[in-house]
Each structure stands twice: as C-alpha cells, then as structure tokens.
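Here are a few notes to read alongside the model. Have a look at the helix and the charged pairs as you go.

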Amino acid sequence: MNRYTRIKEPLSLKNKRKKELELISDSLSSNSNSTLSKFNFSAYKISDVRKYLKKENHNKCCYCGSILSDSQSFSHIEHYRPKRGNNSLQLNTKGLGYYWLAAEWSNLCLSCSVCNNAKGTKFPLSPNSKRFITSRNTYFEEALLINYTESDYNPEEHFEFLEGEINGLTQRAEKTILTCKLFRDELVSVRKTKTTLFTRKCRNFLRDLERTKNEITNETIEYRKEAFEALQEFFKEYLKNFPNNKHEFAILEQQILRKEIIKSNKSISEIISLLNREDEKISNF
C-alpha cells in the first residue's frame, strides 16, 4: 500500500518479453483451443526484475507494507493483472488471463507470499465494467484493486489505521483489503504494536521540542545539546523527507505522526522553524 514511483525497467526484461510474446503468439495460433495452462512464463523471473522491484519499493510488500525477507519462498513477484485465468475471473471459455502482461513492467510488483496467495488470480472489476481480455485495451477497465504505481495514488485517501485495524475509505480500498486479507490477525497484531511504539516516539519528540523553547543556561547546555541531537535525529528520519516510504508500514507511521502534530497544535513547517531556531541558539552559546 506504499506510494512509490516506477523506475525504468531493466533492459534484460524487454528482450525476454519480446521473445516470450512471440512464443505465446505461436502457441495460440497453432492451437485455437489452447488455454496456455501449461505455458512456462519465465521472462518475469529473471534476477534483474526482482532486483529492480526491491530497489523501487524498498523491499516491501506492495499490498500489506511488510518488509520482505530475502527468501524467494516469502517474496513473490506479483502480477497486478493475473497472467492466467480461472473460473473466479470469469474471463472467457478458454480461461485465458492477461497473458500478454506476464512480463510487462507496469504489471509487476513485489509482494509477500501471504498477500500473493490470497489474491491468487482474482482481479475484480466494477459491475458495469467490461473485461478487455481479448482486445488488450485494459485502459478502459474499471479495476477494483488498487494499483500502487498509479501516478495519482494517495494511500491516505484510501486507507485508515485505528489501533492496528485497517479500514477502507473507498470501494477500491475495501476490495483490496478483502482480496489480499489485509485484516489478518498477524498483521493487525504487528500494526497494533507499531502504533503503540511509534505514538510514544512522536509524543516524546513533541514534548522535548517544547522543552527546547526555554532559554539555554550554563547548567543545562550539555543536556540540551544531547536532547537537541535526539530531536534532530527524529527530524531527519521522519520529517525531513516526509513521508518516508522506506519504513515498514510507512503509511501507518505517517498517519500517526500527522495526528500527533495536529494534536499539539503545530504544523510541520512550525516544527522545522523551531528546530532551526534552537540549532542557532546552541551553536552560538
């Protein structure tokens, strides 16, 4: 569920994709009843794809936001539109998926095995949407699963976190939560712990920031230097590059931080101003 920008696809994928599409075309033309059920899609499996996707999304699951292990059994290359079809897709009599997108860079992302297995070959559309499985004109499909690489995607418009629970604020978010089972117990437990710890960290930061507004004295200068260094560390990690998508459950952190800042009757710009002012005080002491 992270917001991230697509990087340029690896050249090796382009070359592999072209050859694979030619093989698929030959397979379909030679056997009109072919379902591609036994076709070995391999272009997307080259090492560069995983390497580039890990770099692009900071090695996190595109659906739940968990940090992925290096094990390929846990980290899967996910197809946003499934490369194969089955009855749940209700595509057509051949059961074809979006086979021509099997190695398309815009259709690939990294996910954990749990989210990927839960999603399977599901790709729900709006009830009034036509599925363009043969014309390949998917631009006109009204997909109900969120595509995290869309340029206008803003996770905070779709998801809300409350004590570890995740709520969908839009129809697409609700469908994504249900399809990928983002409500599963282990995720709720981890997010709840994250909420408790990060809320405490934010409140400590804002409390200590208030203390730095007092005048510096000889007796407190060393303490204030240490305190200010801690403030600066928090600032660099969470505010300077706000939002920071490198963290696990980054959207959760962003929502907590924003709520705590609002509760303290401050803004991010005001906090930056205070930090700069205190930095000058300590430097000139």
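Which residues of α1 are buried?

1. They are Leu-13, Arg-17, Glu-20 and Ile-24, where buried means under 20% relative accessible area, exposed over 50% and partly exposed in between (1.4 Å probe, protein chains only). Viewed down the axis of α1, these buried residues sit within an arc of 80° (taken from the directions from the helix axis to the C-beta atoms), so they line one face. On the other side, Leu-11, Lys-18, Lys-19, Leu-23, Ser-29 and Ser-30 are exposed.

2. A word on provenance: this is a predicted model, with local features needing pLDDT of at least 70 and side-chain atom pairs counting only at pLDDT 80 or more, while totals for chains, interfaces and linings use all residues. Residues are numbered from 1 along each chain as its sequence is written, and side-chain values use heavy atoms, leaving out hydrogens and water.

3. Now the charges: the whole structure has 11 salt bridges, each a side-chain nitrogen of Lys or Arg within 4 Å of a carboxyl oxygen of Asp or Glu. One of them pairs Glu-78 with Lys-119 at 2.8 Å, N to O. Glu-78 lies in strand β1 and Lys-119 in helix α3, so this pair ties together parts 41 residues apart in sequence. Glu-78 is buried at 2% relative accessibility, and Lys-119 is buried at 0%.

4. Another joins Glu-141 and Arg-81, with the closest N and O atoms 3.0 Å apart. Glu-141 counts as buried at 8%, as does Arg-81 at 11%.

Note on methods
Helices (H or I, at least four residues) and strands (E, at least two) are DSSP runs, numbered from the N terminus.
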